[in-house]
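Subject: Structure for your files

Hello,

Here is the structure we discussed.

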Amino acid sequence: MRLYEPVVDAARRTPRALAVDAPDGRLDYAALDELAGRYAAALTARGVRPGDRVVLWSPKSLHVVALMQGCLRAGVLYVPVSAANPPSRLARIAAACTAALVVTDKDGAETAAEPGGQAPACTTFEELLAGAEGVPVPAPVTGSPDDAAYLLFTSGSTGEPKGVCLSHRNALAFVRWAVDELGIGPHDRLSNHAPFNFDLSVFDLYAAFLTGASVHLVPEHLAYAPPQLLRFVADHELTVWYSVPSALTLMMSRGGLLERPAPPALRVCVFAGEPFPVAQLRLLHGAWPQVRLFNWYGPTETNVCTSHEVRDADLASGRALPIGTACSGDTLHFGEAEPGRRGRELLVSGPTVMLGYWGRPPQRGPYATGDLVEPDGEGLLEYLGRRDHMVKVRGNRVELGEIEAALGLHPHVREVAVLVLGEGMDARLHAVVVPGPHSEPDLLDLKRWSSERLPSYMLLDSMSLVGELPRTDNGKTNRRLLMESLQADPS
């Protein structure tokens, strides 16, 4: 099966069933099928061919979803890029995947057209469709389930974004497992809290389409607006919620979740992307006692590869919540133990493991996640943290090297190291800066600089100035000493 087939099937079986509820309107399955076909025709008319890449730089909308489907039908890889990404980062992504086309909305087109801007040439959704007037809708491209379907760009250690290449099989192996595990059916109403460039959105869209359910897109401006999010859950009578834990803890601390009656329709709540503090999870369970709670784990390169349904024993244990056991048909492996370090690196093989990074050799053998884990007495995996400098901040995957690369371009920065201070919901990005001669950048200056090169979730929270960075014996930045000095003197 290929990822466009569920919408085609649903349009044939239940054409009037609601498929997508978005900030710009609603589409039933027949209308989504028709619009996706028009986009496939439009891509063909533009000369986009199977295997080409099309970048989608726009807030979430009906047209973004339909164009994703149109790309799949045309055998084209879609590359979602959040509208929060500045034009310079969009340009790097478009160049990295040698995009045949960059599609945006009206606001994006105006930004891209600004004099001196760094955005690549863009076309709007309206322009794309207008160029296909009278063009017949082509038959969907057939091929192997192992063909590439889409690229998700993540933070790269060299300062350049990395394109994770996923196939139809990769996505559907996870989605089919998830549908069975959660009992998703045509009467379910799924949330879509994550942006489309975040792998959480794969479940939201394709679990709905696979079962003929509906997916309700949370607008970007509501994503971290706690009272409005709770109203969204109630007003849309959602039955399944999926987000990073920070969205849920915000709804508890600032949205009134704990003071309101539980949403009567909600039956499943899934969270992933960062650890959920057990103390906060107890409060959520107390407020939503009828809701099944799941902790899912997996990097973008594997999507969800372990799962754990929260039990009363987990809430009473006083230990971190397990990430559970293997799922989605994947197999888990473990690296060699390192002296003096708890846990072993988790490696994953199986049907959800990516094809590889775009422009690099294909993935061979188990994927090394870089995460350290350890089984408990029941065989459930406990997540211990990262082996390297890839971190999770506010639910987003952040490569500290990419932030350092951007800050290192600032004319008043000689050297910089970025660290994460605090844990869980309190984690924040801190830069230790060696200033250039006769100049000292301030935090506002660095934030402004970064906002032109990085998405908002990679912006600094704090900074400090030093004369030199500490070094290891081989000349690398000694992050351990740097962290120790910051913890000793947090000012």
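Predicted model: local features only at pLDDT ≥ 70, side-chain atom pairs only at ≥ 80, totals over all residues.

Helix α2

Helix α2 covers residues 29-45. Its 17 residues should span 24 Å at 1.5 Å a residue, and the C-alpha atoms at its ends are 24 Å apart, so the two values agree. At the start of α2, a side-chain oxygen of Asp28 comes to within 3.2 Å of the backbone nitrogen of Ala30. After the helix comes Gly47, with a positive phi near 85°. The buried residues of α2 include Tyr29, Ala41 and Ala42. Leu32, Leu35, Ala36, Gly37, Tyr39, Ala40 and Leu43 are also among the buried ones, and these residues are among those that meet helix α3.

Packing against α3

Helix α3 is made up of residues 62-73. The axes of α2 and α3 are 7 Å apart, at an angle of about 60°, which makes α2 oblique to α3. Their crossing is right-handed. On the α3 side, the residues in contact with α2 are His63, Val65, Ala66, Leu67, Gln69, Gly70, Cys71 and Arg73. Asp33 is another of the α2 residues in this contact.

Two loop residues

Most residues other than glycine have a negative phi. Glu237 has a positive phi of about 50° and lies in the loop between α9 and β11. Asn303, in the loop between β13 and β14, has a positive phi near 50°. Are these residues buried or exposed? Glu237 is partly exposed, at 49% relative accessible area, whereas Asn303 is buried, at 6%.

Regards

How values were computed:
Residues numbered from 1 in each chain as written. Heavy atoms only, no water. Helix = DSSP H or I, 4+ residues; strand = E, 2+ residues; numbered from the N terminus. Expected span 1.5 Å × (residues − 1). Buried < 20%, exposed > 50% of the residue type's maximum accessible area, 1.4 Å probe, protein only. Polar contact = N/O pair within 3.5 Å; in protein donor to acceptor, adjacent residues only side chain to side chain. Axes fitted to C-alpha atoms, helices over the stretch in contact; angles between N-to-C directions. Parallel < 35°, antiparallel > 145°, perpendicular 65-115°, else oblique. Left-handed = near helix turned anticlockwise from the far one by under 90°. Contact = heavy atoms within 4.5 Å.
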